[in-house]
Amino acid sequence: MSNEILPVTYERIMAQLRADRIPHVLTAQTGPILAVPLPAILNYTISEGGGLTVTGQWNRTLHTSHISAARSACAEYNRTHAGPALHPQMDDSGAVNIVGSALGWTVEGVDDDQLRACIHDTANQFIDASNFLDAQFPDNWKEGA
């Protein structure tokens with residue numbers, strides 16, 4: 001790939017995901033939604049200035065009785081990790097979902113190597129968050145649990 005500085009665009013993000021063989025499960029108008037090897041789905045949104053915001057949701061839900069524990073776990077994670085910022089939300093059915101968001105960069109242009117590093121670093125942050133949540137809230141249905 002070229003080291004030419006180009007604007008951050010939806011097309012460049014998609015091209016990078018394809019080049020790195022990172023499976024994307026669907027495409028949204030604001031940016032690609034990416035399936036990464038963790039129990040979460042990430043949505044990449046690009047601002048007009050080239051800023052990248054990545055949001056994701058842990059694929060497991062918790063019973064409402066765990067809302068206090070979820071708040072505490074998210075606060076602990078947010079104190080000890082650079083990103084993504086985690087917070088619990090209740091959905092319409094009363095289940096607790098944990099969502100996170102991270103800012104990828106705020107410069108107007110990056111080269112292809114910087115774009116690749118940003119995509120991978122952000123995905124790795126969500127992997128770390130997922131591993132942390134899995135440890136805090138063990139899944140009793142998993143083998144060996």
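1. Contact of H1 with H3. In this predicted model, the residues Arg12, Ile13, Gln16 and Leu17 of helix H1 meet Asp112, Leu115, Arg116 and Ile119 of helix H3. Sorted by class, the residues in the contact of H1 with H3 are four nonpolar, one polar and three charged, and a reader who inspects the side chains may wish to start from these.

2. Geometry of the pair. Two packed helices are described by the angle between their axes together with the distance between those axes. For H1 and H3 the angle is about 70 degrees, and the axes lie 10 Å apart. Angles of 65 to 115 degrees count as roughly perpendicular, and H1 and H3 are therefore roughly perpendicular to each other.

3. Arg116 as a point of reference. Is Arg116 buried, exposed or partly exposed? This residue has its place in helix H3, and because its relative accessibility is 27%, whereas buried would require under 20% and exposed over 50%, Arg116 counts as partly exposed. Arg116 and Gln16 are separated by 100 residues in sequence, yet their C-alpha atoms are 6.7 Å apart in space.

4. The largest nonpolar core. This core has 16 residues, and those with the most contacts inside it are Ile13, Leu42, Tyr44, Leu52, Val54 and Ile119. At least two residues of the core are supplied by each of helix H1 (10-19), strand E4 (40-46), strand E5 (52-58) and helix H3 (112-136), and the largest share, five residues, comes from H3. Two of the residues named here, Ile13 and Ile119, are listed among those with the most contacts inside the core, and they also take part where H1 meets H3.

5. A separate core. Which residues belong to the other core, of 14 residues? It lies apart from the largest one, and among its members are Trp58, Cys74, Leu86 and Phe132.

6. The chain as a whole. The protein chain has three helices and eight strands, and from the N terminus on its elements follow the order β-α-β-β-β-β-α-β-β-β-α. Of the 145 residues in the chain, 41% are buried, while the accessible surface comes to about 8200 Å², with 51% of it belonging to carbon and sulfur atoms. When contacts between residues at least 6 apart in sequence are considered, 55% of them join residues at least 24 apart.

Notes: Residues are numbered from 1 along each chain as its sequence is written. This is a predicted model: local features need pLDDT of at least 70, side-chain atom pairs count only at pLDDT 80 or more; totals for chains, interfaces and linings use all residues. Side-chain values use heavy atoms; hydrogens and water are left out. A nonpolar core is a set of buried Ala, Val, Leu, Ile, Met, Phe, Trp, Tyr and Cys residues joined through side-chain atoms within 4.5 Å. Buried means under 20% relative accessible area, exposed over 50%, partly exposed in between (1.4 Å probe, protein chains only). Helices (H or I, at least four residues) and strands (E, at least two) are DSSP runs, numbered from the N terminus. Axes are lines fitted to C-alpha atoms, for helices over the stretch in contact, and angles run from 0 to 180 degrees between N-to-C directions. Angles under 35 degrees count as roughly parallel, over 145 as roughly antiparallel, 65 to 115 as roughly perpendicular and the rest as oblique. Contact means heavy atoms within 4.5 Å. Ala, Val, Leu, Ile, Met, Phe, Trp, Tyr, Cys and Pro count as nonpolar, Asp, Glu, Lys and Arg as charged, and the others, Gly among them, as polar. Accessible areas come from the Shrake-Rupley method with a 1.4 Å probe; for residues, only the protein chains shown count as cover.
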